[in-house]
Amino acid sequence: MSSATPHRLPLAGVLRLGRPSDIWFKPALSVVAAVAPPNLILLALGHLDLAMYTMAGSLCALYGHNRPYAARARVLAWVVLGMVGGLAVSLLAASLTSDAVVLVTVGAVMAAAQKTVCDATRLGPPANVVLTFISSASLFAPQTLGQVPGHVGLALTAGAWAWLVGMAPGLLRPHGPERRATARALNAAAAYAATRGTGDGHAKARAASAAAIHAAWQSLLAPGARPDRARRALEQLLVRAEVALAAPADCDPARLRAWARELRGTGRIPRVANPRAAVGELLGVDLDLELARPTSPLRHRLAPLAPIAVRTAIGCALAGYASLALGVGRPYWALVTAASLYQANVTLTWSRGVQRVVGNLLGVLAFAALAPLAHLHPAALVLCCLALNFGAEALIGRNYWLGSVCVTPMALLVTEFARTQDPGRLMTERALDTLVGALAGFAAAVAVTNRRAGDRLEQALTTAERARENTARLLAEPHPAPAVLESARRALAAALADLRATADAAAGEWWQRALPEERVVLAEQAGHRTLAATVRRQGFVPGQDEDQTWGRGQDPDRATEDIRP
């Protein structure tokens, strides 16, 4: 790729709808359950103007739905603290100054910090956008210093309730996230097995399968995980997915998909026989291996994100200043629009910008239709916001713009919790701020180059090549220790997944030196060959005499054991 030639700005497919998330209803129901009680209580008390502060805590229920419950408890707690901390800083700034330029500057710096921390910790959707929306809006809320503790207390109380809402499903389905992650890995492995390892799209399917399997192992071996029968059964299924990755021509995609279907709901977990006795031994040490593996310090994960942080700070500041120059009374709308654009590279940022503009403009029209209904009574206003909360989370997984059609009218209605406002003016200002924020945000993304993307790719290549060499060295030994070989295999799988993600991110970045694309392809091919050899050496690939437990003739009704969540 030439460093002097920018990529084309894609339009085809940017607005195409995808399949809904397999758990779309979980964040949708959770946010309603978290938002409704505080809002209804405030409505009954005649203090709906305080709903902005309780919503700050309630929206924390959107996070962590893909994480195992032990890990989710910690993540949600940190999200609540981060949300309330950002709110406190914003309210403190609002109480100390009314200078809009200063407030926009504070908001831009906070947005950059929130983006960086969310990316470094891989928080997952909705990532920094909700945090930035709350903190930026709070900067322009009329505030006195004496009111800050009470408003922060309301947010903290609602955040505690959101934590309970997020953890409640674990009482009925404690292994739900792990089951879903394993099902995704099985389905991805089935898609690769269907290519027989040589068909059309096999390289893409192989990379997707490797990433899904790696994510599933991370879910099963997350900190706080405790070994039990259900987890062991899921680990055995993941081994079968790894077998399909290593020997796609020897596996039956229909059987993999059947196991994935059986993992849905609360039914039995499919039981599969171990192809070799060594598998059971390896599964017994998986957790110890994973927990003993060192993790990179947070500062090392933050450093490569410096260009993205600078983009976010500059883009948000420019958007806010431009909004102020145009006389818009709510510059935080432009600021949040800019903050929502920034993805892994410039190309993805452009796509998100198109989706944001289309969704917001359609959302403004939706607000025009809903405003008369919401103005009938404060209860109608609350119910409309709840319905839009649900709709946003139900639809955003299909495409970002579709979810924005619900998010935009909800944000406009929230401004009316304190008092009814002129719908025409709200709509005009929101549309203008959307365009200003998108233009300023994308301009900053183009202007601030990210040459570290190439450096990160080089590092990921080096890591993958060294992991492959280490695994190959162990394979050359007559009798490598099973636990050591398993640890090397897991490290190689993780390195290959990271290499593919880093290469995809770097490929969409502008204004950088040529990327070693051929070296990436060769490293991936060699790495996956070594992974396949390792799986075979470990005895995971069954022989012909074991086809009845693994192959095409197995009775699905006899392949399950009563291992309930």
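1. R490 lies over the face of W217, 4.1 Å from the ring centre. A charge is taken to sit over a ring if NZ of Lys or CZ of Arg is within 6 Å of the ring centre and within 35 degrees of the ring normal. The charged end of R352 is likewise placed over the ring of Y400, at 4.0 Å from its centre.

2. The model is predicted, so local features need pLDDT of at least 70 and side-chain atom pairs count only at pLDDT 80 or more, while totals for chains, interfaces and linings use all residues. Residues are numbered from 1 along each chain as its sequence is written, and side-chain values use heavy atoms, with hydrogens and water left out.

3. Of its 565 residues, 53% count as buried (under 20% relative accessible area; exposed is over 50% and partly exposed in between, with a 1.4 Å probe and protein chains only). Among contacts (heavy atoms within 4.5 Å) between residues at least 6 apart in sequence, 84% join residues at least 24 apart.

4. Six aromatic pairs are found in a search of the whole structure. Rings of Phe, Tyr and Trp (its six-membered ring) pair if their centres lie within 6.5 Å; planes under 30 degrees apart count as stacked, over 60 as edge-to-face and the rest as tilted. One of the pairs, W24 with F390, is edge-to-face, at 6.2 Å centre to centre and 80 degrees between the planes. This pair links distant parts of the chain, 366 residues apart: W24 is in the segment before α1 (25–45) and F390 in helix α16 (residues 378–395). W24 is partly exposed, because its relative accessibility is 33%; F390, at 30%, is also partly exposed. W24, F25 and F390 form one aromatic cluster.

5. Y332 and W333 are both buried. Their ring centres are 5.8 Å apart and their planes at 65 degrees, so this pair is edge-to-face.

6. The axes of helix α14 (residues 331–341) and helix α15 (residues 346–374) come within 8 Å and cross at roughly 140 degrees. Axes are lines fitted to C-alpha atoms, for helices over the stretch in contact, and angles run from 0 to 180 degrees between N-to-C directions. The two helices are therefore oblique to each other; angles under 35 degrees count as roughly parallel, over 145 as roughly antiparallel, 65 to 115 as roughly perpendicular and the rest as oblique.

7. In this packing, V336, T337, S340 and L341 of α14 meet T349, R352, G353, R356 and N360 of α15. By class, the contact of α14 with α15 comprises two nonpolar, five polar and two charged residues. Ala, Val, Leu, Ile, Met, Phe, Trp, Tyr, Cys and Pro count as nonpolar, Asp, Glu, Lys and Arg as charged, and the others, Gly among them, as polar.

How values were computed. Helices (H or I, at least four residues) and strands (E, at least two) are DSSP runs, numbered from the N terminus.
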